[in-house]
Number of protein chains: 2
Amino acid sequence: MISFESANVGACLSPRQVLLGDGAAAQVSEVLGNWQVTDGRVLIVADKEVARLGLIEKVRDPLKANFDVACFDEIVGEPTLATAESLANFARQKPYSAVVGVGGGSALDMSKLAAALAVNTGKVTDYLGMTRFKETPLPLVAVPTTAGTGSEATAISMLSIEGKKAIVLSPQLVPLSAVLDPLLTVTLPPKVTAATGLDALSHALEAFMSIKANPYTDTQAIATISVIARWLKTAVEDGANLEARRAMIYAAYTGGLCLNAGVVLGHSVAYTISNRAHMPHGVSCAMALPYTIAFNLPAVSDRLSIAAAHVLGRSDVTGEDLALWVGDLITALGMPRSLQDIGLKESDLDAMAEECLNKYPRPTNPTPITRERLQVFYKKMYNGDVQGCIEAFRSL
Amino acid sequence: MISFESANVGACLSPRQVLLGDGAAAQVSEVLGNWQVTDGRVLIVADKEVARLGLIEKVRDPLKANFDVACFDEIVGEPTLATAESLANFARQKPYSAVVGVGGGSALDMSKLAAALAVNTGKVTDYLGMTRFKETPLPLVAVPTTAGTGSEATAISMLSIEGKKAIVLSPQLVPLSAVLDPLLTVTLPPKVTAATGLDALSHALEAFMSIKANPYTDTQAIATISVIARWLKTAVEDGANLEARRAMIYAAYTGGLCLNAGVVLGHSVAYTISNRAHMPHGVSCAMALPYTIAFNLPAVSDRLSIAAAHVLGRSDVTGEDLALWVGDLITALGMPRSLQDIGLKESDLDAMAEECLNKYPRPTNPTPITRERLQVFYKKMYNGDVQGCIEAFRSL
């Protein structure tokens with residue numbers, strides 16, 4: 001049950017329209033027409049890999065009936081400042097009526113920048129952090145081809161500047177419309193399906209623990225975790241299963257809406273992992289998740305029992321069961337479960353704890369993050385010992 | 001559990017932003033600032049009753065720091081074409097930067113028209129039905145003071161033309177932001193709390209039965225009915241209970257989002273009732289609801305079992321239990337339960353069935369609506385016999 005105990009004012013953003021269904025990608029013209037964008041030039045910003053797979057055509061060909069279509073399909077994972085700048089130049093060369101992002105989180109994040117920078121002067125770096133664009137960005141339709149990041153639902157655009165994550169954040173970046181076409185995701189390989197699905201799970205569970213959680217994000221989180229618990233394994237094992245693909249692309253979207261509450265400790269830990277061992281963002285987040293649940297159990301045990309009930313379909317369960325379930329899910333999906341598994345050394349742990357504490361503070365976490373607690377966290381994670389982590393934090 | 005069996009493409013609209021929390025009404029300036037509306041003149045469109053209660057000040061006074069504020073506070077229940085026309089004239093006299101609706105469903109519906117007509121020429125009647133405005137309506141913030149209609153979440157504006165309901169419907173009418181301040185609802189009398197809360201319950205349950213239901217509307221419907229089942233009675237019995245007020249204003253919003261799936265037979269029947277006996281819309285809808293569930297039970301029994309489980313908090317329940325629960329809730333809230341109770345005569349029933357069939361067709365209803373079935377429906381409703389209605393439709 002959603003809680004209404006808090007008097008806090010929470011502000012949640014979302015697209016104005018979501019379109020969900022098999023073949024929805026063909027309806028981008030109609031979506032734009034709803035907002036009076038009926039002619040002119042449309043800029044598609046797409047993933048290089050998505051272009052290679054021929055998925056862009058599903059969006060582009062129907063658009064050609066009403067629009068001149070230009071395509072910037074050079075986006076790869078973790079886009080750099082150079083990519084963002086060349087995209088901005090491209091978007092400024094001609095007047096566009098709208099931007100359509102097609103791809104995973106990186107392509108969608110870049111499409112947000114394109115929509116904003118096409119009509120605003122200045123450099124990409126002028127807009128880092130929480131920002132307000134002088135001119136309203138162009139209408140933006142986000143068409144995800146993975147089911148995970150939830151970028152189609154958020155105000156966030158991430159890029160990599162000199163190897164470090166940088167962020168552009170503005171309510172104006174939230175796409176006008178998210179078009180969720182499960183048919184675009186049926187060719188996703190099992191590993192990508194698993195990693196991106198775990199990313200969405202992390203969004204939902206971390207947001208559910210956040211001190212900024214509110215009834216709107218709780219509604220999304222409960223939907224997200226229920227759906228992922230039921231469908232993620234099926235989507236990984238049987239990629240052609242359309243019911244599972246529909247479920248996962250929807251859960252990724254609602255997982256993105258959860259980000260209105262922010263994430264917690266798990267994401268900070270994930271950054272300290274990926275700074276040392278290259279792996280998909282969703283995997284590092286998922287690895288940290290059971291320990292994050294253990295860390296926060298004493299503070300939000302009621303909420304975690306609710307989450308557990310939605311995941312496990314029974315009411316006689318607790319946050320401990322939830323932590324163990326996440327750990328088992330990671331194993332079942334063939335993902336590494338401990339820091340040892342990915343080749344980190346025990347001697348790395350202190351530096352990781354220190355980095356987590358200083359570089360990635362997380363004021364949304366319901367339990368204060370101290371050096372002592374982080375040392376326990378990393379030690380247990382090094383050994384893959386979720387149960388031990390639960391017990392340790394019971395008395396800390 | 002949300003179903004992903006359908007391949008249909010469903011399009012769902014919502015505000016770009018929702019703000020929920022005690023005192024949120026004071027933050028309309030900040031909300032507008034998020035969308036670059038930072039100065040100029042703001043038009044408040046408000047309920048006459050809300051003005052009398054002094055609730056407008058909660059919105060207007062903080063706005064005055066950044067804007068010139070004009071106020072049109074002449075909206076009463078079931079606004080007429082004359083009201084809409086005089087509002088349109090008012091909105092066109094000066095240039096406005098934004099419109100803010102404050103009140104129940106009628107005031108919010110009229111604020112949508114004001115935002116659109118302020119910048120579009122022509123008569124109100126030029127825009128009846130599904131419409132597209134040439135000029136993008138002004139930014140609109142909807143601040144509900146009742147918890148029921150969900151107008152703050154929808155694309156719909158209703159008005160009364162020569163005693164008949166008319167509708168203006170456009171994606172462009174969906175408010176930019178819904179500001180849900182439970183403090184504005186604490187003075188709502190118990191009867192209004194009950195009637196508006198039942199309206200929200202009808203939205204959720206009817207949408208959940210609709211053939212246009214989709215994962216997005218199912219998520220909203222499950223949240224809405226769970227919250228109303230837990231909190232409506234408390235809000236009616238103890239109006240000062242802030243937890244209950246927070247819950248109900250949130251459920252009304254999610255109930256509005258459910259309308260993306262449309263409503264079903266119950267709303268048609270409700271119109272045939274209110275054409276004969278004057279009563280709040282939420283009450284006539286709620287009266288029809290148990291019989292609508294009975295009517296649709298054979299077609300959507302699985303879905304109704306899911307709804308029952310969320311309402312009753314147990315998994316061993318069915319749509320029959322749900323129908324009986326709704327009937328009992330209406331009685332518990334002191335509402336009339338049968339057509340007899342409200343003074344209709346048995347001799348009215350055939351005409352009502354005929355009117356329902358011809359004037360209010362409902363293609364979204366999962367069971368075909370026939371004359372024979374409607375006659376059974378009205379007969380059982382006349383006698384207040386929910387159980388008998390369930391049994392009758394089992395074999396029809």
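## Reading a predicted model, feature by feature

Modeller: Start with helix 9 (residues 265-274) of chain A: 9 of its 10 residues are buried, so the helix is largely enclosed by the rest of the structure. Bear in mind that this is a predicted model.

Colleague: Which residues of helix 9 of chain A are buried?

Modeller: They are A:L265, A:G266, A:H267, A:S268, A:V269, A:A270, A:Y271, A:T272 and A:I273.

Colleague: What covers the buried residues of helix 9 of chain A?

Modeller: The cover includes strand 8 (156-161) and helix 6 (190-209) of chain A. It also includes helix 10 (281-296), helix 13 (349-359) and helix 14 (371-383) of chain A.

Colleague: How do I read two packed helices?

Modeller: Two packed helices are described by the angle between their axes and the distance between the axes. Now look at chain B. Helix 6 (residues 190-209) and helix 9 (residues 265-274) of chain B pack at about 140°, and their axes are 9 Å apart. Helix 6 and helix 9 of chain B are therefore oblique to each other. Helix 6 of chain B brings B:D199, B:S202, B:H203 and B:E206 to the contact, and helix 9 of chain B brings B:L265, B:G266 and B:H267. These contact residues divide into 1 nonpolar, 4 polar and 2 charged.

Colleague: And a nonpolar core?

Modeller: In soluble globular proteins, nonpolar side chains tend to be buried together. Here the largest nonpolar core has 176 residues. A:L339, A:Y378, B:L339 and B:Y378 touch the most other members.

Colleague: Which residues are in contact with A:L339, leaving aside its neighbours within four places in sequence?

Modeller: They are A:I273, A:M287, A:L344, A:L349, A:M352, A:Y378, A:M381 and A:Y382. A:I273 is also one of the buried residues of helix 9 of chain A.

Colleague: How should I read a sheet?

Modeller: Strands of a sheet pair through backbone hydrogen bonds, either parallel or antiparallel. One open sheet here has 7 strands in the order 4(A)-3(A)-5(A)-7(A)-10(A)-2(A)-1(B), with mixed pairing. Its edge strands are strand 4 (68-75) of chain A and strand 1 (10-13) of chain B; each pairs on one side only. Neighbouring strands are turned by 15° against each other on average, direction ignored.

Colleague: In what sense do strand 7 and strand 10 of chain A pair?

Modeller: Strand 7 (residues 140-144) and strand 10 (residues 177-180) of chain A pair in the parallel sense over 2 bridges. A:V141 has A:S177 of strand 10 of chain A as its bridge partner. Helix 3 (residues 56-63) of chain A packs on the sheet, and its direction makes about 175° with that of strand 3 (41-47) of chain A.

Conventions: Residues are numbered from 1 along each chain as its sequence is written. Chains are lettered from A and ligands numbered from 1 in the order in which they are written. This is a predicted model: local features need pLDDT of at least 70, side-chain atom pairs count only at pLDDT 80 or more; totals for chains, interfaces and linings use all residues. Side-chain values use heavy atoms; hydrogens and water are left out. Axes are lines fitted to C-alpha atoms, for helices over the stretch in contact, and angles run from 0 to 180 degrees between N-to-C directions. Helices (H or I, at least four residues) and strands (E, at least two) are DSSP runs, numbered from the N terminus. Angles under 35 degrees count as roughly parallel, over 145 as roughly antiparallel, 65 to 115 as roughly perpendicular and the rest as oblique. Contact means heavy atoms within 4.5 Å. Ala, Val, Leu, Ile, Met, Phe, Trp, Tyr, Cys and Pro count as nonpolar, Asp, Glu, Lys and Arg as charged, and the others, Gly among them, as polar. A nonpolar core is a set of buried Ala, Val, Leu, Ile, Met, Phe, Trp, Tyr and Cys residues joined through side-chain atoms within 4.5 Å. Buried means under 20% relative accessible area, exposed over 50%, partly exposed in between (1.4 Å probe, protein chains only). Two strands pair if DSSP finds at least two bridges between them.
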